[in-house]
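This briefing covers chain contacts, domain layout and a few local features. The structure is shown first, and the notes follow by topic.

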Amino acid sequence: MTAVLEKKPVQVAPKEPRRWKGAALFAAVAVVALVVMPLVLEPFRLGLLAKYLCYAIVALGIGLAWGQGGMLTLGQGVFFGLGGYAMGMYLKLNDAGGDLPDFMVWSGVEQLPALWAPFRNPVLALAMVVLVPLVVAALLGTLVFRQRVRGAYFAILTQALAAAMVILLVGQQGLTGGTNGLTNFFDFFGNDISAESTQRGLYLTVAIVLGVLYLAAWQLVRSRFGRLLLAVRDGEDRVRFLGYNPATVKTITFTISAVMAGIAGALFVPVVGIISPALLGVVPSLELVVAVAVGGRFALAGAVLGAVVMGYAKTYFSEELPDAWLYLQGALFILVMTLAPKGIVGVAGALRDRFRKEAAA
Amino acid sequence: MEGFLNQLPIGLSIGAVLLLIALGLTFTFGQMGVINMAHGEFIMAGAYTAFLLQDWAGRSAVLVALPVAFVVAGLMGLLLERSVVRFFYGRPLDTLLLTWGVSLVLQQLARDLFGAPNVQVLSPEWLQGAVGPLPYNRLFIMVLAVGSVVAIWAYMNRSAQGRRMQAVMQNRQLAATSGINTGRVDQRTFFIGSGLAGIAGVGLTLIGPVGPTLGTYYIVDAFLVVVAGGLGQLRGAVIAAVALGLLNSYAEFWTNASLAKVIVFAVIIAFLQFRPQGLFVLRSRALT
Amino acid sequence: MRNLTWRAGAVAAVLVTALAACGGDPATTEGTTSGGGGNTIKVGLLHSLSGTMAISEVTVRDAELLAIEEINKAGGVLGKQLEPVVEDGASDWPTFAEKADKLISQDKVATVFGGWTSASRKAMLPVFEKRKALLWYPVQYEGLESSPYIFYTGATTNQQIIPGLDYLKEQGKTKLFLVGSDYVFPRTANKIIKAYAAANGMEILGEEYTPLGHTEYGTLTNKVVQAKPDAVFNTLNGDSNVAFFKQLKGAGVTAESMPVLSVSVAEEEVTGIGVDNIVGHPVAWNYYQTTDTPANTKFVEAFKAKYGANKVTSDPMEAGYNAVYLWAEAVKKAGSTDVEAVKKAAGGIALERPEGLVTIDGETQHMYKTARIGIIQPDGLIKEVWNSGEPIKPDPYLKTYPWAGGLAS
Amino acid sequence: MSALLEVRDLSVVFDGFRAIDGVDFTVREGELRFLIGPNGAGKTTLIDIITGLTRPTTGTVSFDGQSLAGKREHERVRLGIGRTFQTSVVFEELTVLENLDLAASFRRPLLSLLARRNGVSETVQRALETTGLTELAARKAGVLSHGQRQWLEIGMLIAQGPRLLLLDEPVAGMSGDERSRTGELLTSIAKDHTVIVIEHDMEFLRRYASQVTVLHEGKVLMEGSVEEVRADPRVQEVYLGRAREEAAHDVVS
C-alpha cells in the first residue's frame with residue numbers, strides 16, 4: 001500500500017493568523033538591517049554589527065541542529081574555521097600574486113603546499129567554503145549518528161573535535177599560519193578590503209545571506225522534514241518505528257548547520273580581517289551555544305537574536321567593564337537556563353500571552 | 001629502548017592523572033546525567049586549598065590538604081547541586097551549559113581572590129626523587145588514584161549508602177518506589193564526585209600550574225575518559241584512563257605532543273564506532 | 001502565573017540592563033578630545049585583561065600606566081596631560097584587531113601601547129598600517145618583521161636568542177635540546193638556533209613542541225633525559241613552563257646537571273613555577289629587577305609604591321614602561337603627536353632607561369638593547385651573570401649574521 | 001494462507017539470563033493472534049526481536065519468506081512490520097495530525113519531505129476517522145489523555161500501512177469504556193491486517209481473540225483458541241491465577 005498523495009481540501013488545522021505578522025516583522029527587521037543601520041552606524045560600529053551577523057549565521061545553524069534537532073553541537077567553531085580558512089587561503093594567495101603568502105616565508109616553506117593549490121581559483125575557493133564543511137560534517141555525522149552516539153556523548157565528542165582541530169591547525173604552522181592564523185589581507189575581489197565602501201558592501205552581503213539562510217531554515221522547519229526533525233529530537237528510537245532512519249535525518253541537519261557555519265566563517269574573514277585557531281576552539285564554540293540559549297533555542301529567531309545581543313553585550317562590557325564580563329556572562333547564563341529555558345523569545349512569548357489574557361479578561 | 005620502556009610507567013602515570021580527574025565526573029554524570037563543566041573548577045578549588053594550607057602546614061600541605069580539599073570541593077559541589085543543578089535532572093545538555101556558566105564565574109572568582117598569576121605550591125621534600133623514570137610525585141598521584149578507586153569501590157559495594165547509590169544509578173524510579181530517598185543519594189553522590197575533584201586538584205599541584213584557568217586544562221580530557229569508559233562505570237573509567245594514558249604516552253613518544261592529542265581523539269571516535277556507549281553499559285529497557 | 005512573571009522579570013531585568021547599557025555607547029565617544037586637540041592627549045593601552053594571557057599582560061599595562069602617571073606629574077607632553085584609554089584584548093587575536101580599530105577610529109588616540117603574543121601583533125598590524133596609526137609593542141619576539149607603523153621596544157632575536165646561544169657556547173654546552181610551545185616564536189627561534197648551531201659546531205639532539213596550555217610533560221621529559229643534552233633551550237610559554245619545570249625537577253634534572261635556558265620566564269613567572277623547581281637555571285633577557293642602574297632603582301621603587309611591595313618588575317614590563325617614555329620623547333622632539341612627524345623624530349632618540357641606554361634605531365624602529373643572561377636565585381629574583389657589554393644594534397632579519405643567510409629570505 | 005511471520009528456534013540471553021529460550025512461532029497472513037504470559041515471560045522481548053530492537057542470540061525471524069537478520073528497525077518498518085509500545089510514545093510537540101502525517105509519509109522520498117504538508121492525505125484522513133481523533137486533529141499530542149494517546153499510536157500504526165501490526169498491551173491502563181472502544185478498533189483493523197497483540201486481560205481476550213499463544217519463561221507453553229487455552233491446566237497454573245490479580249490491579253491503578 002502506498003501513501004495516497006491525492007490532496008483533499010480538508011481544513012483541519014485552524015487558520016494561522018500570525019503568519020502575515022511574522023512576514024511583516026521579518027520585513028521590518030530587514031529594512032532596519034539593510035537601510036537604517038548603514039545610515040545610522042559609523043563604519044566601525046557597522047563592522048562590528050557585520051561580525052555579530054556572521055555569528056548569527058552560525059547561531060542559526062546551532063538553532064537548527066540543537067533547538068530543532070536536539071543535537072547539542074559544541075564544535076561549530078570547526079566548521080566556521082573550515083569556511084574561514086578556505087576564504088582566508090584564497091585571499092592570501094590573491095594578495096601574494098604569484099609569490100608565497102607572507103607567513104609561509106617566515107615559516108620556511110619554499111613551495112606552495114598542494115593543499116593550497118585549489119584556493120588560487122576564486123570559484124573553487126568559494127565552492128570549498130561550502131564543500132569542505134559539508135563533507136566533514138556529513139562524514140562525521142554518518143559515523144557518529146549511525147552508531148547512535150547522541151546526547152551528551154555527541155556534545156562531548158564535538159567539543160573534543162574543536163579542541164583537536166585547534167591543536168592540528170596550530171601545529172601545522174607552515175600550512176595554516178599556526179596560532180597567528182591568516183591575517184593582513186588587502187584585496188577582496190578587486191576592492192580594497194579595508195575601504196569603507198567595501199566594508200559597507202560586506203555588511204550588506206552578510207545581512208542578505210543571513211536573511212536568505214533564515215528563510216531557508218524557516219522553510220525547513222515548517223516542512224515535513226522539520227516535523228520529522230522535532231520527532232527525532234523528542235523520540236529518536238520511536239522514529240525508527242515510523243520507518244525513518246534518524247541517523248539520516250540528523251546527518252542532513254548537522255550538515256546543513258555545518259555549511260551555515262562555514263559560510264559564516266567565509267564572510268567573517270573579510271569583515272574582521274583575520275581567521276585564527278582562537279576563533280574556533282572550545283570556548284568560542286560554547287559561547288555561540290550560550291548565545292543561542294539566551295536568545296531562545298527553540299525558535300530560529302531566538303538563535304539569531306541571541307547571537308546579536310550577546311555579541312553586542314560582549315563588546316560593550318569588554319569596553320566598559322572588562323572585569324565584570326565573565327561574571328555577567330556566567331550569571332546571565334545560569335539565570336537563563338534556570339528561569340527562562342526558552343530564552344528571550346520564550347519570555348517575550350509568555351509575556352505576550354499574559355497581556356492578551358489580561359486584555360481579554 | 002630504555003626510552004621506550006620508560007614510557008610504560010609514564011603512560012600509567014598519565015592514566016592515573018586522567019583517572020583522578022575523571023573519577024568524580026563519571027558518577028555525577030552516570031548517576032544524575034549531569035555534565036558538570038564546573039568539575040574543572042572544583043579541581044582548581046582543591047589545588048588552591050593546598051596553596052592556602054601551606055601557610056601553616058608548610059611543605060607537607062599536600063597531605064593535610066587531601067581531606068580538606070575533599071570537603072571543600074565536596075561542599076562546593078553540594079551547593080551547586082542544591083542551588084541549581086537539582087532542577088535539571090534528566091536534562092544533561094542543559095546542565096552542561098548551566099555548569100559552564102558556573103565555571104566562568106568560579107574562574108573569575110579565583111582571579112579576584114588569588115590574582116591572575118599562578119601561585120606557588122611547593123611539593124614536600126620527601127617527594128623529591130625518583131624510582132627509575134618515575135618521580136615520587138607521579139608515584140604519589142598514582143597512589144592517590146588507586147586509593148580513590150579502592151575507596152569508591154568499597155563505598156559502593158560494602159556500604160549501605162553505596163548500594164543505594166548503585167540502585168539509583170541503575171533504576172532511579174524503582175529505587176524511589178522502594179523507599180530510597182533519591183534526593184539524599186544525589187546529594188551524597190554530588191558531594192563525593194566533587195570531593196574527588198578536590199583530591200585531584202591537590203595531586204595536580206605536584207606536576208602542574210596552580211592558577212585560575214587550571215580547570216580548563218583538564219576538563220576535556222576528563223570527559224573523554226568518561227565517554228570512553230561508559231557512564232558511572234568504575235571499571236570502565238579505570239580501563240579507559242589507563243588505556244588513554246598509555247596511548248598518549250606512546251603516541252607522543254613516537255610523534256609529538258600535538259599529534260598525540262589528535263591521535264587520541266581519532267582513536268576515541270573510532271572506538272565509539274564499536275562501542276557507542278563506552279566500554280561498559282548499564283542496560284535499560286527505556287526508550288528515548 | 002505569578003511565578004512566570006517573576007522569572008520573566010528577573011531575566012528581562014538582566015537583559016535590559018545589558019541592552020540599555022549597550023544602547024548608549026556608540027555616539028558618545030565621538031567628537032570628544034581627539035589625539036592632538038583639547039587639553040589632554042589620549043593614548044590607548046591594549047592588553048589582555050582577561051583570558052589566559054591576562055597573567056602576563058596586566059602587569060605590562062600597570063607599568064605603562066605608571067609611566068603615564070609619572071609623565072603627567074612632570075607636566076605632561078607638549079603641555080598636555082596624557083589620558084590613557086584602556087581596552088581588553090581578551091587573549092583573543094581578532095579582539096585585539098577590533099579594539100585597535102576602536103582605539104584609532106573611535107577614541108582617536110595618538111598612539112597605542114599594546115600586545116604581547118606575536119599573534120596579537122600580527123592581528124593588529126594590518127589595522128595600524130591601514131589606519132596609519134602607531135603601535136608600541138613591548139615584548140621580545142621572533143623578528144623577521146619591521147612594520148613602518150610599529151615600534152618594537154622588546155628584544156628581537158639577535159638581542160636575546162643569539163646572546164643566549166653565545167652564553168651557552170661559552171659555558172661549553174654544545175649539545176642542545178629544543179623545547180617550545182607550538183607557535184610562531186618558538187618555531188622561528190629554533191630555526192635560528194639550528195642555523196647558529198650548524199655554524200658553531202653545536203649539536204641539536206632534539207626539537208619538541210607542545211600545544212599552548214599543555215600540562216603533561218612526562219613523555220617530553222623522558223625524551224630530554226634520554227637524549228642527554230648539555231643544556232635545554234626552552235621557548236615554552238605561560239602555564240606550560242610551570243608543568244615543565246615541576247616535572248623536569250621530578251625526573252631529577254637539576255640546573256647543575258642540565259641547565260634549561262628560558263627566554264619566556266621572567267620574575268613574575270618564577271613564583272608560579274615554584275622557586276624550588278627552577279632555581280639555578282639561566283634565563284635570557286635585557287632587564288632584571290636587580291639590574292643595577294639609577295633609573296631602575298627609581299622604577300622598582302615607584303612600581304612597588306604604586307602596586308604593592310610584593311610586586312616584581314620584569315623585562316616586558318620595563319619595555320612597556322620604556323615605550324611610553326620613548327614615545328613621549330619623540331612627541332616632544334617632533335612638537336606634535338602627528339604619526340609621521342613622531343616617526344621621523346623617533347630615530348636616534350637615546351634615553352637612560354632601567355635596563356641601561358636605549359636608542360631607537362630609526363631604520364627598523366627597533367631598539368638598541370643590552371643582552372643580559374641571568375640565573376634564578378632562591379629568593380625568586382634573577383641575578384645577572386653575563387651581558388653583552390654594550391647595547392646591540394637590532395637586526396630583525398639577521399642580515400649581519402652570515403650563517404643566518406637562508407632564514408629571512 | 002501462507003505464513004507471514006516465521007520465528008524459528010529463537011533464543012536471546014541477557015547477561016546469562018535466557019529471556020527467550022527456543023521459541024518457534026508462526027503467524028499466517030490475516031490472522032489476529034494474542035500473545036499472553038505472565039510478567040517476564042518474554043512477550044515484549046519477542047516483539048522487540050521481531051522489530052529489530054533486540055538482537056537474538058540464536059535463531060531466525062523471517063517475514064514474508066525473507067530473513068530479517070541484519071535489518072535495522074526502520075528497514076523492518078519499510079518491509080511492513082509496525083508496532084506500538086507498552087508506554088505510548090507519541091510526539092508531544094506535534095499535533096495529532098502531524099503525528100499521523102509523519103507516520104504516513106515514510107515512503108516518500110526524503111527530498112519531497114522538504115516541502116510543506118499541503119492538506120491532509122487520504123491515508124491520514126482515514127486513520128483519523130478510524131481512531132475517532134478527527135476532532136482533536138489540530139491539538140498537540142501532548143495534551144491528549146492516556147487512552148487518546150494509545151489510539152493515536154494505533155492510528156499512526158494504521159497510517160504506516162503495515163502488513164503486520166504488533167501491539168504491546170494496547171488497553172493497559174484504559175477505562176472500561178475505552179477498552180471496549182479499543183476492542184472494536186482492533187477487530188476492525190484485524191479485518192484486513194495481520195495483527196499480534198500482547199494482552200493480559202482475559203475478559204478482553206475472550207471477546208476478541210481467535211488464536212492465542214502462551215509464553216512462559218521464554219518458551220511457548222501452548223497455542224490454541226481461547227477456550228483451549230483457558231481449559232489447559234498448565235496455563236491455569238502458571239498464568240491465569242496471577243493474571244487475574246494483575247488485571248484487577250490494572251483496573252484499579
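How far apart are the centres of domain 1 of chain C and domain 2 of chain C, taken over C-alpha atoms? The separation of these two centres is 27 Å. The model is predicted.

**Domains of chain C**

- Domain 1 of chain C consists of 32–156 + 287–370, and domain 2 of chain C consists of 158–286 + 371–404.
- In the contact between them, domain 1 of chain C supplies 34 residues and domain 2 of chain C supplies 34 residues.
- On the side of domain 1 of chain C that touches domain 2 of chain C, at least two residues each come from H5, helix H13 (315–334), strand E12 (356–361) and strand E13 (366–368) of chain C.
- E12(C) gives the largest share of that side, four residues.
- The classes on that side of domain 1 of chain C are 17 polar, 11 nonpolar and six charged residues.

**Chain C as a whole**

- Chain C contains 14 helices and 15 strands.
- The C-alpha trace of chain C spans about 65 × 65 × 45 Å along its principal axes.
- Of the 409 residues in chain C, 60% are buried.

**Contacts between chains**

- Five pairs of chains touch, and the pair with the most contacts is chains A and C.
- Chain C contributes 43 residues to this contact and chain A contributes 42 residues.
- The elements of chain C that each supply at least two residues of the side touching chain A are helix H1 (2–23), helix H2 (25–28), strand E2 (81–88), helix H4 (93–106), helix H5 (118–131) and helix H7 (184–200).
- H1(C) supplies 12 residues, the largest share of the side of chain C that touches chain A.
- That side of chain C comprises 26 nonpolar, 12 charged and five polar residues.
- Chain C and chain D, by contrast, do not touch, and their nearest C-alpha atoms are 19 Å apart.

**Helix packing in chain B**

- Two packed helices are described by the angle between their axes and the distance between the axes.
- The axes of helix H5 (residues 136–158) of chain B and helix H6 (residues 160–170) of chain B cross at roughly 85° and come within 5 Å.
- Because of that angle, H5(B) is roughly perpendicular to H6(B).
- H5(B) makes the contact through B:Tyr155, B:Met156, B:Asn157 and B:Arg158, and H6(B) through B:Gly162, B:Met165 and B:Gln166.
- The residues in the contact of H5(B) with H6(B) are three nonpolar, three polar and one charged.

- B:Ile43 is part of helix H2 (residues 39–57) of chain B.
- B:Ile43 has 31 other C-beta atoms within 10 Å, so B:Ile43 is buried, the cut-off being 20 or more.
- Beyond its neighbours within four places in sequence, the residues in contact with B:Ile43 are B:Ile21, B:Ala197, B:Ala200, B:Gly201, B:Leu204, B:Leu214, B:Gly215 and B:Tyr218.
- Between B:Ile43 and B:Leu174 there are 131 residues of sequence separation and 33 Å in space, C-alpha to C-alpha.

Key: Residues numbered from 1 in each chain as written. Chains lettered and ligands numbered in written order. Predicted model: local features only at pLDDT ≥ 70, side-chain atom pairs only at ≥ 80, totals over all residues. Contact = placed C-beta atoms within 7 Å. Nonpolar A, V, L, I, M, F, W, Y, C, P; charged D, E, K, R; others polar. Axes fitted to C-alpha atoms, helices over the stretch in contact; angles between N-to-C directions. Parallel < 35°, antiparallel > 145°, perpendicular 65-115°, else oblique. Domains from an automatic or database assignment. Buried ≥ 20, exposed ≤ 12 C-beta atoms within 10 Å, placed from the backbone.
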